[in-house]
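Here is a quick tour of one structure, taking its aromatic contacts before its charged ones. Have a look at the model, then read on.

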Amino acid sequence: MKTLEIGEAAPLFTLKDQKERLISLEQFKGKKVLIYFYPKALTPGCTTQACGLRDAKNELEKLGVVILGISPDSPKKLAQFTEKKDLNFLLLADEDHLVAEQFGVWGEKKFMGKTYDGIHRISFLIDEQGKIQQVFRKFKTGEHHQVVLDYLQSL
């Protein structure tokens with residue numbers, strides 16, 4: 001698994017959102033985009049992370065950042081996640097995990113003694129020109145939004 005690094009161009013992609021609309025990264029050219037990859041909707045860690053971003057959305061928007069969450073879930077599951085947790089940003093369905101592979105976040109994981117392939121919880125801040133400005137790898141799910149805000153406010 002080779003994760004994309006700062007300065008590299010973000011791969012262009014188009015995925016369905018929680019309302020089955022096609023959303024393309026290209027739509028956000030000229031804006032900063034936080035793309036956060038998470039393993040599975042409606043699980044405890046992913047819920048904590050999503051709710052933190054939900055609550056920080058206004059602050060992130062003031063800093064010119066759009067939030068896109070990407071997981072291998074179906075649009076239907078993403079719609080349930082959005083509704084149950086009152087999420088206020090786009091979630092994208094990468095069911096075949098091709099986008100996760102392009103970003104280098106799909107790979108071997110270990111949990112409770114089992115090894116399997118899945119999404120690694122990594123986020124990318126994409127700049128206005130479509131280049132990776134920052135990669136967030138090490139954070140607790142409940143602090144992810146604050147790590148991103150702290151970085152943005154330090155610029």
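F13, F37, F103 and F124 form one aromatic cluster. Before going further, note that this is a predicted model: local features need pLDDT of at least 70, side-chain atom pairs count only at pLDDT 80 or more, and totals for chains, interfaces and linings use all residues. Residues are numbered from 1 along each chain as its sequence is written, and side-chain values use heavy atoms, with hydrogens and water left out.

**Aromatic pairs**

What counts as a pair here? Rings of Phe, Tyr and Trp (its six-membered ring) pair if their centres lie within 6.5 Å; planes under 30 degrees apart are stacked, those over 60 are edge-to-face, and the rest are tilted. The structure holds 8 aromatic pairs. One of them is F13 with F103, an edge-to-face pair at 6.2 Å centre to centre with 70° between the planes. That pair links distant parts of the chain: F13 sits in the segment before β1 (14-17), F103 is in helix α3 (residues 98-103), and they are 90 residues apart. (Helices are DSSP runs of H or I, at least four residues, and strands are runs of E, at least two, numbered from the N terminus.) Both F13 and F103 are buried, where buried means under 20% relative accessible area, exposed means over 50%, and partly exposed is in between (1.4 Å probe, protein chains only).

Then there's F37 with F124, also edge-to-face, with 6.0 Å centre to centre and 90° between the planes. F37 lies in strand β3 (residues 32-37) and F124 in strand β8 (residues 123-126), so this pair ties together parts that are 87 residues apart in sequence. F37 and F124 are both buried too.

**Salt bridges**

On to the charges. A salt bridge is a side-chain nitrogen of Lys or Arg within 4 Å of a carboxyl oxygen of Asp or Glu. How many salt bridges does this rule give? The count comes to 7, and the table has some of them.

| Salt bridge | N to O distance |
|---|---|
| E20 and K16 | 3.5 Å |
| D17 and R21 | 2.6 Å |
| E61 and K57 | 2.7 Å |

E20 is partly exposed at 45% relative accessibility, and K16 is partly exposed at 38%. D17 is buried at 0%, whereas R21 is partly exposed at 40%. As for E61 and K57, both lie in helix α1 (residues 44-62), 4 residues apart, or about one turn of the helix. E61 is partly exposed at 42%, while K57 counts as buried at 18%.
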